[in-house]
Amino acid sequence: MRQNNQSFLTYLQAVPNARKFLAGSYERQGKEQASHKAYKNSDRFCYFLEHGKTFLAAGRNSPATLQPVLLFYGLGHLLKACLLVRDPDYPPSTKVLAHGLTTRKKKKQNYSFLQDEVKIQPNGLFAYACSTLFNCSPFQNDKTNMDQLLRLIPEMSPIYHWKGSIPLLEMLAAGDTAVELPLKALDGHSLTERKLKQRFSRYNFSNWALEDGKVKIALQEPLVPYLSHPFYFSSTSHHFYTSLSRDAMDHLPEVMIHYIVLYNLSMICRYEVEWWMDLHQIRDTEDYSFVLAFMEVTAAKMEKMIAAWLQSENNAGS
């Protein structure tokens, strides 16, 4: 399934295919006038997809100094396409049109990007997408910093490893249902067996046992790539990972983590021009490595995460 997701995204860019997809989704949700609303929304849906992909392509081909703005707006349009699948009357009000996040515009002296905080607002695209697309509340914490978020992205792990930190624990490969974790892998970290069991509570498992110094878990069905937080999927290793921190922001799906980081970078790019250009020209802080690595990861992964969500909606009707 993994390799077909992006082909499905291309399939949906034809209006008749989009109309059929939307009608099926609206009917399963019990929406009134499903066919009429699918007909009404099919053009908008295709435009959101095309505009998002165009921004994304432009971001990939732009200098690093301009990428955050283009990628952020690309992701925003792709999320709006997904929202139209769940809410045929999107936007339900003007309250959901704002970004839904805020950050300090004037940065402090000795500013560190990794420690920079973003506040989550009760209204706006971010909160609405979390609840509507992923049935999750973003408000377990009302603010987060960039380091907390970047640690949850599997493809960012190598740069943390080179700094001597291990942010994630490898769980299982895509398609697998058996998990075996040595208890010693949890030693020295705040992730306990009890916390691990809580993370699996939203997924069905037929067995949970402690044997031979290992936690052995038998899932009833495989985790879905990109859509199984708090287990995050790597597009390079094709394995799932979970945070070794007990207090991670792992209640958020990964695509929304990318949204927060891109929002902050796009604000810095536009309003903190002197710091932003110094970062790229002088490179005298470790922030540069983290920013550059994230931009490479999100440019490559964003479309895969959106395509996976759309494919899962289609699979719900099969």
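Which helices each supply at least two residues of the lining of the largest pocket? In this predicted model, they are α5 (125-134) and α11 (287-315). Residues are numbered from 1 along each chain as its sequence is written, and side-chain values use heavy atoms, with hydrogens and water left out. Because the model is predicted, local features need pLDDT of at least 70 and side-chain atom pairs count only at pLDDT 80 or more, whereas totals for chains, interfaces and linings use all residues.

The chain has eleven helices and nine strands; these are DSSP runs numbered from the N terminus, with helices being H or I of at least four residues and strands E of at least two. The radius of gyration is 20 Å, close to the 20 Å that the globule rule gives for 318 residues, so the chain is as compact as a globular protein of that length. This radius is taken over C-alpha atoms, and the rule is 2.2 Å times the number of residues to the power 0.38. Along the principal axes, the C-alpha atoms fill a box of roughly 55 × 55 × 35 Å. Of the 318 residues, 53% count as buried (under 20% relative accessible area; exposed is over 50% and partly exposed in between, with a 1.4 Å probe and protein chains only). Among contacts (heavy atoms within 4.5 Å) with a separation of 6 or more, 71% join residues 24 or more positions apart.

The largest nonpolar core has 104 residues, and those with the most contacts inside it are F45, F113, L150, M156 and L310. Such a core is a set of buried Ala, Val, Leu, Ile, Met, Phe, Trp, Tyr and Cys residues joined through side-chain atoms within 4.5 Å. Residues up to four places away in sequence aside, M156 touches L150, F290, A293, F294 and V297. I306 lies in α11 and counts as buried because its relative accessibility is 2%. Apart from its neighbours within four places in sequence, I306 is in contact with L75, L78, L79, C82 and V255. The C-alpha atoms of I306 and H161 are separated by 28 Å, at 145 residues apart along the chain.

Helix α5 is mostly covered, with nine of its ten residues buried. The buried residues of α5 are L125, F126, A127, Y128, A129, C130, T132, L133 and F134. Their cover includes α4 (67-86), β1 (101-103), β2 (117-120), α9 (254-271) and α11. N135 follows α5 and has a positive phi, near 50°.

The largest pocket has a volume of about 500 Å³. Of the 17 residues that line this pocket, the closest to its centre are R202, Y203, V224, L227 and S228. Helix α11 gives the most to the lining, with three residues. By class, the lining of the largest pocket has eight nonpolar, five polar and four charged residues; Ala, Val, Leu, Ile, Met, Phe, Trp, Tyr, Cys and Pro count as nonpolar, Asp, Glu, Lys and Arg as charged, and the others, Gly among them, as polar. On a 1 Å grid over the protein atoms alone, a pocket is an open set of points with protein on both sides within 12 Å along at least five of seven lines, a cavity is a set where a 1.4 Å probe fits but cannot get out, and lining residues have an atom within 4 Å of a point. Grid points are joined across faces, edges and corners, and a volume is the space filled by probe spheres set on the points.

A search of the whole structure finds one cavity of 30 Å³ or more, and the largest cavity holds about 40 Å³ of space. This cavity is lined by Y226, L227, S228, H229, F231, Y232, F233, P253 and E254.

Most residues other than glycine have a negative phi, and most peptide bonds are trans. Y226, in the loop between β7 and β8, has a positive phi near 75° and counts as buried at 8% relative accessibility. The loop between β7 (214-219) and β8 (232-233) also holds P230, and the peptide bond from H229 to P230 is cis, with omega near 15°. Q33, in the loop between α2 (15-28) and α3 (34-60), has a positive phi of about 55° and is exposed, with a relative accessible area of 55%.
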